[in-house]
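Here is a friendly tour of how side chains pack and pair in one protein chain. Have the viewer open as you read.

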Amino acid sequence: MAVESGPTAAIEAPEPTAITAPVIEWFAENARDLPWRRSDCSPWGVLVSEFMLQQTPVSRVLEPWRRWLDRWPTPEALALEPAGEAVRAWGRLGYPRRALRLHAAAVAIGERHDGQVPEDHAELLALPGVGEYTAAAVASFAYARAHPVLDTNVRRVLARVFSGTEFPPPAPTVAERALARRVMPEEEAATWAAASMELGALVCTATNPRCDACPVVQACRWVALGRPAHDGPPRRGQAYAGTDRQVRGLLLQVLREHEGPVPQHRLDIVWPDATQRARALESLLADGLVRTSGDAFRLP
């Protein structure tokens, strides 16, 4: 494998075959027993998990995912209900537009694919709310198709092992995608995708990585270079307290707790700053998460 010039050039990146087999072997012994990984999980269950897991940790997704599949075991079951019920059931998972998009995807699956989650990557990518990562993940985990799956965890593993950098760029690059394709073992592509994701989630973490427990520490370029600190653009955490996101969540919570329209005065008490409260409500209306009903407000 070619190596770039610069301060990391003195230490070559490992060959892909030196990485994939140990990580897959590690995964066989250390994988978490997650319900969407089980052989009896439907492609719909995998798709729901991928929507819920966007920017949300596994621990917060497990119970909502189970409740969702109990209520809506198929795309058709969800599509038959109003989109507002999806928003209501989303609860406190955050980023509730995902619920609207998942409902829209369920409707599209019924209209375009006879109620079956498609196998084809391009057809998955054409569903509402499905981006490159989600399409690749569902094709891989539901149908064992060979697609590079680049979530945050996988990108961090690849950056450290092959590039010798603590973190990858803010968004996937052409070079990253090419590397992911070269590293991916065609015969075990889906297993590799899950294994590398799990390694990033449990061992090669963003903070306090457990290099002593890593199955490929001896081949890791970042470790060989002395684990150099990130020197790219600052990595900003996502604040929540006091933000419009928090106000939006409080407003939606009131609407979730009521079956019918909610008068303005019930929403006015959730946040003291009237200007911020009005701005948050307007954004919910613009996103389609809230609708007006006379002088009151309701879920879609």
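## Aromatic pairs and the core

Trp-65 is buried, with a relative accessible area of 8% (buried means under 20%, exposed over 50%, partly exposed in between, with a 1.4 Å probe and protein chains only). This is a predicted model, in which local features need pLDDT of at least 70 and side-chain atom pairs count only at pLDDT 80 or more, while totals for chains, interfaces and linings use all residues. Residues are numbered from 1 along each chain as its sequence is written, and side-chain values use heavy atoms, with hydrogens and water left out.

The ring partner of Trp-65 is Trp-36, and the two form an edge-to-face pair. Rings of Phe, Tyr and Trp (its six-membered ring) pair if their centres lie within 6.5 Å; planes under 30 degrees apart count as stacked, over 60 as edge-to-face and the rest as tilted. Trp-36 sits in the loop between H1 and H2 and Trp-65 in helix H3, 29 residues apart. Helices here are DSSP runs (H or I, at least four residues), numbered from the N terminus. Trp-36 is buried too, at 9%.

By this rule there are 3 aromatic pairs, including another edge-to-face one between Trp-68 and Trp-90. Trp-68 belongs to helix H3 and Trp-90 to helix H5, so this pair ties together parts 22 residues apart in sequence. The relative accessible area is 2% for Trp-68 and 1% for Trp-90. With Trp-72, these two residues make one aromatic cluster.

Which residues have the most contacts inside the largest nonpolar core? They are Trp-44 and Trp-68, in a core of 51 residues. Such a core is a set of buried Ala, Val, Leu, Ile, Met, Phe, Trp, Tyr and Cys residues joined through side-chain atoms within 4.5 Å. Among the elements giving two or more residues to this core are helices H2 (43–53), H3 (58–71) and H5 (83–90), but H6 provides the largest share, 7 residues. Trp-44 touches, among others, Trp-68, Trp-72, Leu-102 and Val-117 (contact means heavy atoms within 4.5 Å). Apart from this core lies another of 33 residues, with Ala-13, Trp-26, Val-157 and Val-183 among them.

## Charges and cysteines

The structure holds 15 salt bridges, each a side-chain nitrogen of Lys or Arg within 4 Å of a carboxyl oxygen of Asp or Glu. Three of them are listed here.

| Salt bridge | N to O distance |
|---|---|
| Arg-37 and Glu-198 | 2.7 Å |
| Arg-181 and Glu-186 | 3.8 Å |
| Asp-287 and Arg-248 | 3.0 Å |

Asp-287 lies in helix H15 and Arg-248 in helix H13, so their pair ties together parts 39 residues apart in sequence. Asp-287 is partly exposed at 25%, whereas Arg-248 counts as buried at 12%. A network of salt bridges links Arg-71, Glu-81, Glu-85, Arg-88 and Glu-259.

Arg-160 lies over the face of Trp-222, 4.5 Å from the ring centre; the rule asks for NZ of Lys or CZ of Arg within 6 Å of the ring centre and within 35 degrees of the ring normal.

How many disulfides does the structure hold? The count is 0, a disulfide being a pair of cysteine sulfur atoms within 2.5 Å. For Cys-204, the nearest cysteine sulfur is that of Cys-214, 6.3 Å away.

Definitions and conventions: Lists of a residue's contacts leave out its neighbours within four places in sequence.
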